[in-house]
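Subject: Structure handover

Dear colleague,

Here is the structure for your files, with notes on what was found in it below.

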Amino acid sequence: MLKVEKYVPTDREQAFLDSVESPKYDRQIINGLAPFLEEKAPEDVLGFYSTDEVGQLKNLKGTERDVESRMPVKMTRYYFEMAKKSVPLQNLVKASPDETRELAGAEDPGFQMDYSPVEGLLHKYEMGLMYVTSTCSAHCRFCYREELIARKEIVRQDGTIAKKGLAQIPEIANYVRAHNKAVAENGGRHPESGREKLREILLSGGDPLVLTNGKIASWLAALAEAGIESIRIGTKEMAFYPDRFDDSFLSMLDEFHKKYADVGLRLMVHFNHPDEFLAKDDDGNYIEEASGILKWNPSAKRAMEGVVSRGWLCVENQSPIIKGINDDSDALRIMQRAMKRMGAENHYFFCGRDIVAHKAFNVPIETAWNILNESQKGLSGVESHARLSITHYKGKTEVSAVTNEPIPGIPGTENGVVIFKILRNAAAAPDRGKVCIVGRNPDAIWFDGYADRVIFDEAGLFDYARVEATTH
Ligand code: SF4
């Protein structure tokens, strides 16, 4: 890769960066299993793992079933306080010996590294995704970025083996400019990859909100200056440490919007379960306001109101459906209704990916569809915008329908069918809207569970071979 010159901010950029305050936050993070295994955690936290669990996790230490080398363990005090009263939240942050019972899965789900033209950037669609950090305030056991967060070495398409690196401003700004220039000079398509303009970037990781306001601001400004039209920030911080959404952070966003009013900002929040934001009484029941509306935790409410009150900032929630955490249609119904009422959209629910040890977390595809479908019964149209998505190697795919009745005269449909539809795929999404119909398999947790029962496949989900990288 060419050596990139030092990045020099423009005057407008510098004026924005000079206005940013970067306070420090004390998240009171309980890091790793050692505080529990060595009994060094604060006394009130120690009981979070039972003696039996501690014994089992100790036995796995240093073996190939070591849960921490699969995915580091971490939680904030704020999340712990909520998790004490919630089994789903415990399942989200607590390491379990069961999670490494079956280690099958992909280190690079979706062959993402095939689409990484610059370290730390994935450029598959018209939107790019950047890894700007490799940690979060707490860690979800089901995380599909476990290879990044655990700093694992993965095999790249050229055969080399290395950890995933983080994006750096000079390299990314250069890439965006060069890509978009080549697209503009070639009539709207990149001459080699056929891609359109790179319009949108998602700041991801890890969680960008673990970075200082100053660092986040540097990214926003550099991307805006490079010509990015819309920037998304993907974060679970509103669940892990909502006080991070304080006045200094909101003022930074306000200032960015003032200086770069044309650039769209989207906050992709990540709530998995209503226990992550609703207040509970001592018996563990949600508290109703006099109006009948369920009461939010004050910190989460302040954070959510802070962002949704900025009309120019879109706030969207998205979440995988995970075994033991939110495979519960009542919980999802409450969450979708509460999100929309507060002003956040319900974007996607996801089927878990085929990450290492995915069998411990993923619910079958048809179960996930049924849970979401049930959860949306009783929601209004605007509350039920979310779709169920599964990320095929080929691109983002919707699980559109699961039927129960045979289709007369069509073999393989005796128990009903599942209909997949491609929502996006690489480059200019040539296959968007194409469907694939398979006979049902209630146990399938990944596409391979349907390989022997494909009925119709104009989408090409089952004759897919890994394509040559088109990332230049
Ligand atoms: S917040 Fe997201 S990136 Fe962080 S551990 Fe959870 S799933 Fe992974």
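Helix α12 covers residues 247-259, and its 13 residues reach 18 Å from the first C-alpha to the last, close to the 18 Å expected at 1.5 Å a residue. Helices here are DSSP runs of H or I with at least four residues, strands are runs of E with at least two, and both are numbered from the N terminus. The expected span of a helix is 1.5 Å times one less than its number of residues. This is a predicted model, in which local features need pLDDT of at least 70 and side-chain atom pairs count only at pLDDT 80 or more, while totals for chains, interfaces and linings use all residues. Residues are numbered from 1 along each chain as its sequence is written, and side-chain values use heavy atoms, with hydrogens and water left out.

The buried residues of α12 are S248, F249, L250, M252, L253, E255 and F256. Buried means under 20% relative accessible area, exposed over 50%, and partly exposed in between, with a 1.4 Å probe and protein chains only. These residues pack against α1 (11-18), α10 (213-225), β8 (230-235), β9 (264-269), α13 (298-308) and β10 (313-320), where contact means heavy atoms within 4.5 Å.

Helix α14 (residues 329-342) has 14 residues, which should span 20 Å at 1.5 Å a residue; its end C-alpha atoms are 20 Å apart, which agrees. Its buried residues are S329, A331, L332, R333, M335, Q336, A338, M339 and M342. They pack against α13, β10, β11 (345-350) and α15 (365-376). The N-terminal end of α14 is capped by D328, with a side-chain oxygen 3.0 Å from the backbone nitrogen of D330. A polar contact is a pair of N or O atoms within 3.5 Å; within protein, one must be able to donate a hydrogen and the other to accept it, and residues adjacent in sequence count only if both atoms are side-chain atoms. After α14 comes G343, with a positive phi near 105°.

Next, the ligand. Around the ligand are C136, H139, C140, C143, I149, G206, K236, F240 and H270; a residue is near a molecule or strand if one of its heavy atoms lies within 4 Å of it. By class, this shell has five nonpolar, three polar and one charged residues. Ala, Val, Leu, Ile, Met, Phe, Trp, Tyr, Cys and Pro count as nonpolar, Asp, Glu, Lys and Arg as charged, and the others, Gly among them, as polar. G206 sits in the loop between β7 and α10, and the peptide bond from G205 to G206 is cis, with omega near 25°. C143 counts as buried because its relative accessibility is 14%.

The structure holds zero disulfides, a disulfide being a pair of cysteine sulfur atoms within 2.5 Å. For C436, the nearest cysteine sulfur is that of C351, 14 Å away. C436 is buried, at 0% relative accessibility.

Some loop residues remain. H190, in the loop between α9 (169-185) and β7 (200-204), is buried at 8% relative accessible area. Its side chain reaches the backbone nitrogen of E192 at 3.1 Å. Most residues other than glycine have a negative phi. Q28 has a positive phi of about 45° although it is not a glycine, and E39 has one of about 55°. Q28 is partly exposed, at 45%, whereas E39 is exposed, at 63%.

Regards
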